[in-house]
Amino acid sequence: MKKKITLKQIARELDVSISTVSKALSNSKEISEDTTQKIQAFAKLYNYKPNNIALSLKNRKTKTIGILIPEIVHHFFSTVIRGIELIANRRGYNVIVGLSNESFTKEIINMEMLANGSIDGFILSISKETLLKQDYHHFNATINQGMPIVMFDRVVNEVDCDKVIVDDFNGAVKAVTKLVDNGCKNIALITTMDYVSVGRLRTQGYLEALQNKGMIANSNMILKIDDSLDVENHLEVLENEIAQFFKINETIDGVFAVNELYAVTAMKVARKLGLSIPDDIQVIGFTDGVLSKHATPSLTTVSQHGQKIGEQAANLLIDRLEAADAESDQYFTNEERKPDFIKMVIETEIIERESTK
């Protein structure tokens, strides 16, 4: 099977402009019959299929931003959306939200659907399945067709675009350092599999903090949860894993969990095992959401400042869109002029509550 070719590649091969290719494929009277036939024959030979993203960009600005998130119930993502909406509305844009449900296929379908005349650009966080597959062709294809993307939280180096991330590494260092300073001697880590970048960075922060305090990391004190499954619908499985982990490691007196759900579940399991929080075991989780505030006891957390992430992401995207308007879209179509992409890092802070001393 021949690899699909793009408008840009056809234009390059035939030494014509992208606009000429687009018009020829649409049988525009502006293009000579000879040129039209040549372009259409070349496109047919190389299995060209019209790209919805490219078509949607032609002569239109919707003043609408597409937001693509992995899950809707997560408090962090809802606060990011709030921040995006705040800035978008202030700058005269609307937003449409799409949901990948952590699925690679749904992520692609949502992008194609939203790009088909609905939006001017994307703000997105990558699905877990996409990270696991390490297949980012749909992001690069979108950007190559002239639609800017801003990634937040879960980002990858393989895609050149603006990004807004949390300082996951130093947030974890702060959390584990606090547990050590509070007198914890045996600090456990409950984390994700390493293919999710935020979990990997928080794990590295845990190890760094222990090293800084002259403590030796023990692999038996690290529990990696397979979160490629929909863990939130399998809480019993999660509880059982953590319970077994605690029973094997009876000396645990501190827990750092890389997300709110793991931390709250760890506290629930600890209480079932007859442990007192924070007297017997102290717990800190990442993400300051609703669960943290209303847990019993309330959970000390690392705040990610989701709203601020959303605000910064929206400003970056709208700045790109308006820069493209000012330069008649040459910014995106001229391969010789690659933009200097911005990677913005949002600092974290510890929100102290009852689960630590």
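Guide: Let us begin with Thr 79, which is buried at a relative accessible area of 8%. Buried means under 20% relative accessible area, exposed over 50%, and partly exposed in between, with a 1.4 Å probe and protein chains only. The model is predicted: local features need pLDDT of at least 70, side-chain atom pairs count only at pLDDT 80 or more, and totals for chains, interfaces and linings use all residues. Residues are numbered from 1 along each chain as its sequence is written, and side-chain values use heavy atoms, with hydrogens and water left out.

Visitor: Where is the place of Thr 79, and with which residues is Thr 79 in contact, leaving aside its neighbours within four places in sequence?

Guide: Helices (H or I, at least four residues) and strands (E, at least two) are DSSP runs, numbered from the N terminus. Thr 79 belongs to helix H5, residues 75–90. Contact means heavy atoms within 4.5 Å. Once its neighbours within four places in sequence are set aside, Thr 79 touches Gly 306 and Gln 307.

Visitor: How many helices and strands does the chain have, and what share of its residues count as buried?

Guide: The chain comprises 15 helices and twelve strands. Of its 357 residues, 52% count as buried. Among contacts between residues at least 6 apart in sequence, 74% join residues at least 24 apart.

Visitor: What is the order of the strands in the open sheet?

Guide: Two strands pair if DSSP finds at least two bridges between them. Here six strands form an open sheet in the order E2-E1-E3-E4-E5-E11, with parallel pairing. E2 and strand E11 (343–346) stand at the edges with a single partner strand each, so one side of each has no neighbour in the sheet. From one strand to the next, the twist averages 20°; axes are lines fitted to C-alpha atoms, for helices over the stretch in contact, and angles run from 0 to 180 degrees between N-to-C directions.

Visitor: How many bridges join strand E1 to strand E3?

Guide: Four bridges join E1 (residues 64–69) to E3 (residues 121–124), and the two run parallel. Ile 65 stands opposite Gly 121 in E3.

Visitor: How should I read the backbone angles?

Guide: Most residues other than glycine have a negative phi, and most peptide bonds are trans. Asn 101, although not a glycine, has a positive phi of about 55°. Glu 102 also has a positive phi, near 65°. Asn 101 is found in the loop between strand E2 (94–99) and helix H6 (104–115), and Glu 102 lies in the loop between E2 and H6. Asn 101 is partly exposed, with a relative accessible area of 44%, whereas Glu 102 counts as buried at 17%.

Visitor: Which residues does a cis peptide bond join?

Guide: Pro 278 is in the loop between helix H12 (260–272) and strand E9 (282–286). Another links Thr 296 and Pro 297, with omega about -10°. Pro 297 is in the loop between helix H13 (290–294) and strand E10 (300–303).

Visitor: What is the mean pLDDT of the chain?

Guide: pLDDT is the predictor's confidence in each residue, from 0 to 100. The chain has a mean of 88, and 90% of its residues reach 70 or more. Over residues 328–337 the pLDDT is below 50, and this stretch has 15 contacts in the model beyond near neighbours in sequence. Where pLDDT is low, the predicted coordinates should not be read in detail.
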